[in-house]
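Reader: Please walk me through the cavities, helix packing and aromatic pairs of a model. Keep it brisk.

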Amino acid sequence: MTDTHAVSTVSVTVNGEEIQGNVGELLIDACERNGTYIPRFCYHPRMSPVGMCRMCLVEVDTGRGPALQPSCMLAVTEGMSVDTESDLTKKAQDGVLEFLLANHPLDCPVCDKGGECPLQDQTMAFGPGESRFIEEKRHYEKPIAISDTVYLDRERCILCDRCTRFADEVAGDTLIHFMDRGNNTQVNTFPNEPFASYFSGNTVQICPVGALTAKPYRFKARPWDLEDNLSTAWTDSVGSRITVQSSRNKVLRVLGVDSDSVNWGWLSDKERFAFEALNSEGRITQPMARSGANNDLTSTGWAVAMKTIVDVFTDVEPTRVGVIGGARLTNESQYAWAKLAKGVIGTDNVDAQLGDGLPAELVLGLPRATIADACRPGGTIILVGPDPKEDLGALFLRLRHAVVNDGARLIELTPHRTGLSGIAAHSVHPRPGEVGDLAAALVAASSGVAADTAGVSADAIAAAAASISGPVTVVLGRASLAESAAAAVVAATALNGLANVSFLSALRRGNVHGALDAGLAPGLLPGRTTLADGGAAFTQAWGSVPSAVGLDTAGMLAAAAAGDIDVLVLLGADPLSDFPDAAAAEAGLFGAGTVIAIDTLPNASLLAHADLVLPAAAATEVEGTFTNLEGRVSVCEQKVTPCGTARADWMIAAQIASRLGADLGIDSPAAARAELASLSSAHGDLTEEALAAAGIEGVLCAGNGSIIAPVAKDVDAPTNDAYSLRLVATRRMYDAGTMLAHSPSSAGLASSVELRLNPTDFDKLGVDSGSVVKLISSKGVLMTPVVADLGVPAGSAAIPANSPDANANRLIDGSQPVTDVRVERS
């Protein structure tokens with residue numbers, strides 16, 4: 001009788017020893033997994049094999065006699081015999097290297113790749129030892145800048161196809177190509193089309209020679225001068241695993257680490273080059289306070305600063321204290337600040353989100369998905385949120401791979417075209433405020449009930465619903481700053497009615513998910529617990545907790561503007577730039593009694609309104625952990641010492657508590673972790689042993705705790721007139737943010753403001769594409785050029801948020817569910 005069980009492994013003989021290979025596994029991978037390394041240049045495990053370099057030629061016998069075959073193109077089969085050390089194999093590898101070196105410059109002493117170059121290493125291990133080539137080598141102009149951060153040296157290129165494959169297969173930015181023919185073949189970009197990819201730095205990391213180099217690292221150090229630590233990227237909420245490399249107490253490079261759960265080794269350029277800001281001369285290195293006739297910020301000492309804080313907090317009513325921010329901090333610092341604010345000071349006016357996120361109860365209360373869940377072969381991804389390419393670069397690459405390579409289906413419910421629209425099965429673009437109705441119609445259509453909604457036909461909704469199959473993952477976030485979170489709540493509530501559905505948060509701000517887990521949100525306590533459910537336990541542990549739910553960022557700013565906030569703490573926050581309503585932020589900061597800013601770099605809010613500034617240690621200067629958008633906790637290791645007299649945020653919180661006569665009981669990040677684990681069911685498995693054992697994959701803290709997703713309320717968006725448009729304000733990878741402004745390689749990459757309209761709106765408005773117009777709302781006016789964009793639905797007006805020359809938050813009315821604007825000729 002035939003065995004019906006599928007065979008999962010096959011037996012292969014390698015150099016006389018039998019190994020087990022997985023069915024379908026490439027020979028080069030099977031050998032490496034079993035301890036036999038086959039040299040290679042073009043092969044990369046996260047990209048399709050092409051067999052370009054021929055360095056991986058080995059002698060293989062599949063039953064018809066031995067022959068040289070590229071091991072990166074050959075899957076293992078039962079009974080296969082492989083010899084990676086035969087004379088024929090060695091001669092082939094010797095010949096390949098000799099040909100590669102024929103035109104390769106011998107400039108290793110001045111090449112940035114020297115010391116970590118696979119061509120160097122493999123020439124020493126497998127090469128001829130000397131060259132028979134005595135003719136003149138090929139020459140090109142060198143180096144040429146193919147982007148603002150990447151330089152190309154064509155003389156060093158060995159045509160391995162790694163960079164071009166990455167641009168095409170992984171990023172989808174086909175901006176770098178092979179050109180010319182034969183001996184003149186080269187890698188280059190087309191004229192006037194730079195390698196303007198958000199992910200160009202990955203090509204530098206995977207280049208096996210020094211053909212591609214990164215401007216921030218050129219001529220900075222040799223590999224043997226560097227010390228490295230495993231850590232976590234801090235610029236967005238994906239939590240990409242990285243290696244931080246430093247020399248002489250200065251971070252010089254960040255490299256991606258291949259975490260199978262998270263980023264697969266890929267990084268956005270924002271993640272890769274953000275370390276430059278930490279080396280900026282503009283860093284805040286010591287406390288500052290207002291003084292002098294001009295009331296300027298001047299340097300002071302920690303003792304004076306702490307005395308000022310004691311004076312400020314003495315006899316203040318807890319409800320008149322607010323804390324905005326916290327997403328920049330590690331989990332341990334967030335827990336310390338939550339304990340300080342809610343346990344010592346007694347205020348629940350705490351919010352790590354700056355009005356640009358989603359309700360904490362929604363994020364924590366819905367069934368949660370992992371990145372791997374979202375990328376399951378055959379599953380359905382529904383995007384209700386921002387453009388992942390702009391906000392969450394590494395997640396964008398994972399989602400793109402799932403759709404292009406693994407058969408996942410993508411349905412977009414976004415207010416404009418995104419970086420994934422070209423590969424989406426269905427893209428439906430509702431106007432601001434209408435995504436909740438669209439989601440409800442989609443769910444109804446999936447059950448066979450025909451439905452339509454404003455601007456979207458029943459046929460389009462039915463077609464999208466028909467493509468839903470398998471497990472469903474909703475990528476949920478804030479698509480536009482110009483509409484409230486209410487529409488996203490309605491959409492999430494509706495989509496939660498689908499079968500086999502889970503939700504992956506697309507909140508963008510650094511460690512914002514760690515902040516929510518730590519209780520840096522009104523009404524929450526650490527460990528995904530509400531004040532109502534966890535009050536008794538935390539009262540026993542902390543001594544006291546607030547009795548009533550406090551204010552979010554919008555509420556605190558409004559209260560401060562009314563004179564009801566005596567102390568406002570900005571914990572790595574810049575409301576003037578990041579809060580959706582600039583007028584409300586300005587009024588709140590102006591009306592607050594005392595503003596205390598704790599940050600690493602100066603920002604607009606700090607410079608204009610802070611009465612006291614405390615220097616905080618940056619991401620590479622502290623020990624701790626980071627929680628990504630899945631709820632996965634990974635380690636952040638300290639690499640360099642804090643700048644000047646800067647201190648870790650948990651240490652600042654502990655010192656403030658001590659000055660106020662309380663003891664936080666936290667004397668190290670490990671102590672904070674242990675206390676959180678003892679109080680939180682969601683973090684009960686977060687032990688030091690578990691973190692160490694998890695390595696680069698981190699520890700997934702699953703579950704919702706006691707949080708229940710809120711009940712959605714209908715969005716009551718006002719009806720706009722025939723000449724008004726709904727404003728869409730979206731984030732971009734590069735903007736006028738503080739970190740980017742202090743990163744020399746990235747500072748100039750933010751594009752100017754530009755209004756995008758659907759072509760059908762031009763005649764109605766009487767404007768021409770390319771002209772400069774006035775964009776007018778009830779809050780303000782912006783002058784901006786206007787261009788046509790089919791990816792923006794008719795009746796909407798899309799502009800980027802926080803552009804260098806004009807911030808969209810000058811137009812947004814944060815008190816309304818949507819913001820209507822008019823377009824007039826200038």
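What follows goes feature by feature.

Author: This is a predicted model: local features need pLDDT of at least 70, side-chain atom pairs count only at pLDDT 80 or more, and totals for chains, interfaces and linings use all residues. Residues are numbered from 1 along each chain as its sequence is written, and side-chain values use heavy atoms, without hydrogens and water.

Reader: How many cavities of 30 Å³ or more does the search find?

Author: On a 1 Å grid over the protein atoms alone, a cavity is a set of points where a 1.4 Å probe fits but cannot get out. Grid points are joined across faces, edges and corners, and a volume is the space filled by probe spheres set on the points. The search of the whole structure gives 9 cavities of 30 Å³ or more. The largest cavity holds about 140 Å³. It is lined by 16 residues, and the closest to its centre are Asp356, Gly357, Asp391, Arg478 and Arg508. Lining residues have an atom within 4 Å of a point.

Reader: How do the residues of that lining divide by class?

Author: Ala, Val, Leu, Ile, Met, Phe, Trp, Tyr, Cys and Pro count as nonpolar, Asp, Glu, Lys and Arg as charged, and the others, Gly among them, as polar. The lining of the largest cavity has 7 nonpolar, 3 polar and 6 charged residues.

Reader: What is the volume of the largest pocket?

Author: A pocket is an open set with protein on both sides within 12 Å along at least five of seven lines. The largest pocket has about 1000 Å³. Its lining counts 48 residues, with Trp234, Arg328, Arg509, Gly572 and Met739 nearest its centre. Helices (H or I, at least four residues) and strands (E, at least two) are DSSP runs, numbered from the N terminus. Helix α26 gives the most to this lining, with 4 residues. By class, the lining of the largest pocket has 22 nonpolar, 16 polar and 10 charged residues.

Reader: How is a pair of packed helices described?

Author: By the angle between their axes and the distance between the axes. Axes are lines fitted to C-alpha atoms, for helices over the stretch in contact, and angles run from 0 to 180 degrees between N-to-C directions. Take α14 (residues 435–446) and α16 (residues 486–495): their axes come within 7 Å and cross at roughly 10°. So α14 is roughly parallel to α16. Angles under 35 degrees count as roughly parallel, over 145 as roughly antiparallel, 65 to 115 as roughly perpendicular and the rest as oblique. Residues in this contact (heavy atoms within 4.5 Å) include Val435 of α14 and Ala488 of α16. By class, the contact has 11 nonpolar, 1 polar and no charged residues.

Reader: At what angle do the axes of α4 and α13 cross?

Author: The axes of α4 (residues 162–171) and α13 (residues 393–405) cross at roughly 75° and come within 9 Å. The two helices are therefore roughly perpendicular to each other. Asp168, Glu169, Val170 and Ala171 of α4 meet Phe396, Leu397 and Arg400 of α13. That contact has 4 nonpolar, no polar and 3 charged residues.

Reader: How many aromatic pairs are there?

Author: Rings of Phe, Tyr and Trp (its six-membered ring) pair if their centres lie within 6.5 Å; planes under 30 degrees apart count as stacked, over 60 as edge-to-face and the rest as tilted. The count is 6 aromatic pairs. Phe199 and Phe396 are stacked, 5.8 Å centre to centre with 10° between the planes. Phe199 lies in the loop between β9 (186–188) and α5 (201–206) and Phe396 in helix α13, so the pair ties together parts 197 residues apart in sequence.
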